[in-house]
Amino acid sequence: MSMSEESFIESTLRGFARAFSKALISEQAASQPGLLQSFDPRVRLVGVMGLAISTVLCRKLAVIAALMVLAILLAIASRLSVWSLARRVWFAVLGFTGLIALPAVFITPGSRIVLAPVLHLSISASGVRTAALLVLRVETTATLTTVLVLCTPWAHILRALRSLRMPAEIVTMLAMTHRYVFLLIETANQMFESRLSRTVGKLTGPEKRRMTARTAGVLLSKSVELSHEVYLAMLSRGFDGEVRVLNDFRLKAHDYLGLTGFACAAGLAIWMGR
Amino acid sequence: MTETSTPAFEVNDITFDYEGIPAIRGLSLRIEKGERVALLGANGSGKSTLLRILDGLCFPTTGSVSFAGNPLTPESLRRNGYALTFRRQAALVFQNPDVQLFNPTVFDEIAYGPLQLRWSKEDILRRVGETLALMGISHLKERPSYRLSGGEKKRVALASVLVLNPEVLLLDEPTVTLDPRSQSQLVDLIQQWKGTGKTVVTATHQLDIVEDIADRILVMEAGTVIAAGTPSEILADHALLLRANLVHAHRHAHGNIVHSHPHRHPHSHDV
């Protein structure tokens, strides 16, 4: 590790702070007025998921590109920052999926369009198309789901999932995972802060690794202890193995209109992208 | 209250240990219905464990516990009807609010108990609204727990139990992490329950609130009750408080003479 020991601890702390600020930004985006925010959470969930599924089913690049444009328009109409989407989703997806799709450019049989310099590998038209299809598909579905998550408070997504008959056990697991990830981040943050306040001089590479391993170990044992305590707290308030969730959503005319719009767009994309 | 009436809790000679480490030893007590009792003891004296046993969350290795005349055992709580009745009547506020806040938002948290106890939707919405207002946390309704301060978490944890309006309230260090104003509001709330028939058992080591929240004090040390009495009797017994680690010997000098005496921080109006 080339970082100084101070920057090692501080950069970890900055990482924790980033996680919290991202959650805060998501909450702010979800609470501001916008197109997607104006729909019932169930409409948002079904509509955006419908578009994502139609993206996966599409085989034509132009149709997927149109869905991507639709996703960007949805983001703009919902007052999300396109630059923030690019940083959160597009660059990361391009790096990751691009790496996976890259070999397809060279190994997919088809008419050669260019010979790659140095490596002397031929690039086929069908290879480029396959790679572009994969990258664009992942970019579009990732953009759609990010727009959904940014425009909908986590609690509403969970309630919408439950009202759409997702098993209560799965919804509860998702809710508790989200809740306690933050608690454990907070705990880890305090551990690193306490370490920072007592660190004088340089830490060697092995010491940094030991510190990270110890933190992970302590967090693991804390999470085991916490899970037992949480279970007791649930029992104390009447948990009997069955999860019950309050559903107070009501669909309005505007929601039906939105749902029809999503259904038309998804249906048209599937039909045109056959 | 008479000796022959059925007590809220009757605990007979119980022991409990955590993987071989004794937490409760030969403890017996009786808590009458409508009584306000404070379990006073230093950290590690067994107060929290006793509250968990009274809430049917863990069970003694030996001895017996009964609630309203019915045995409180794993078998009895496995019967759905009895479990539901017991959970409707008794509720525990945990010392660490983080273990109690496992729902996505404050609203969901407070609605959790009523939902599990199968209240109607209308009742849940009404009672949750009332409880939010009572605890002064209506503005936090849609907030996730990780965005609450320590004091706010404690208030929400309390609200999540108060919404059930239980006959028996078990409070584990309820004033810890609360600011002075919130502490005083909570003490006022417990004082309001006096004479309403609610049984309130509060575990605490804060001497300055026990006179307000309890009619009887049980002093605990090393997993057993070492003394019982009214708040004025217990608070006047400095030797007992010193033995139970509830006060410390304050060492100071008057000129050349250094001496020490038991020391506590009383209410401002006591001074």
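Colleague: Among contacts in chain B between residues at least 6 apart in sequence, what share join residues at least 24 apart?
Modeller: That share is 64%. Keep in mind that this is a predicted model.

Colleague: How many helices and strands does chain B have?
Modeller: Chain B has 11 helices and 12 strands.

Colleague: And what percentage of chain B counts as buried?
Modeller: Of its 271 residues, 44% count as buried.

Colleague: Let's pick one residue. Where does B:Asp172 sit?
Modeller: B:Asp172 is in strand 7 of chain B, which covers residues 168-172.

Colleague: Is B:Asp172 buried or exposed?
Modeller: Buried. The reason is a count: B:Asp172 has 22 other C-beta atoms within 10 Å, and the cut-off for buried is 20 or more.

Colleague: Which residues does B:Asp172 touch, leaving out those up to four places away in sequence?
Modeller: B:Ser48, B:Leu51, B:Leu92, B:Val93, B:Phe94, B:Gln95 and B:Ala203.

Colleague: What about B:Arg52? How far is its C-alpha atom from that of B:Asp172?
Modeller: The two C-alpha atoms are 9.4 Å apart. Along the chain, B:Asp172 and B:Arg52 are 120 residues apart.

Colleague: On to strand pairing. How do strand 1 and strand 4 of chain B run?
Modeller: Antiparallel. Strand 1 is residues 9-18, strand 4 is residues 62-67, and five bridges join them. To see one spot, find B:Val11: it stands opposite B:Val65 in strand 4 of chain B.

Colleague: What does strand 4 of chain B form with strand 5 of chain B?
Modeller: A hairpin, with two residues between the strands. B:Ala68 is in the turn and has a positive phi of about 50°. Strand 5 of chain B is residues 70-71, and two bridges join it to strand 4 in an antiparallel pair. In that pair, B:Ser66 has B:Pro71 as its bridge partner.

Colleague: Switching to chain A. Which domains does it get?
Modeller: Domain 1 of chain A takes 1-31 + 153-243, and domain 2 takes 33-152 + 250-272. Taken over C-alpha atoms, their centres are 30 Å apart.

Colleague: How many residues of each are in contact?
Modeller: In chain A, 11 residues of domain 1 contact nine residues of domain 2. On the domain 1 side, helix 6 of chain A gives the most, with six residues. That side divides into seven nonpolar residues, three polar and one charged.

Colleague: Now the two chains together. How many residues does each put into the contact?
Modeller: Chain A puts in 23 residues and chain B puts in 27. On the chain A side, helix 6, helix 7 (168-197) and helix 8 (205-236) each supply at least two residues. Helix 8 of chain A gives the most, with eight.

Colleague: How does that chain A side divide into nonpolar, polar and charged?
Modeller: It has 15 nonpolar residues, two polar and six charged.

Colleague: Last topic, confidence. What is the mean pLDDT of chain B?
Modeller: The mean is 86, and 90% of its residues reach 70 or more.

Colleague: Where in chain B does pLDDT stay under 50?
Modeller: Over residues 267-271. For that stretch of chain B, the model has two contacts beyond four places in sequence.

Colleague: And what are the ipTM and pTM scores?
Modeller: The model scores ipTM 0.81 and pTM 0.73.

Note on methods:
Residues numbered from 1 in each chain as written. Chains lettered and ligands numbered in written order. Predicted model: local features only at pLDDT ≥ 70, side-chain atom pairs only at ≥ 80, totals over all residues. Helix = DSSP H or I, 4+ residues; strand = E, 2+ residues; numbered from the N terminus. Buried ≥ 20, exposed ≤ 12 C-beta atoms within 10 Å, placed from the backbone. Contact = placed C-beta atoms within 7 Å. Domains from an automatic or database assignment. Nonpolar A, V, L, I, M, F, W, Y, C, P; charged D, E, K, R; others polar. pLDDT = per-residue confidence, 0-100. Pairing = 2+ DSSP bridges.
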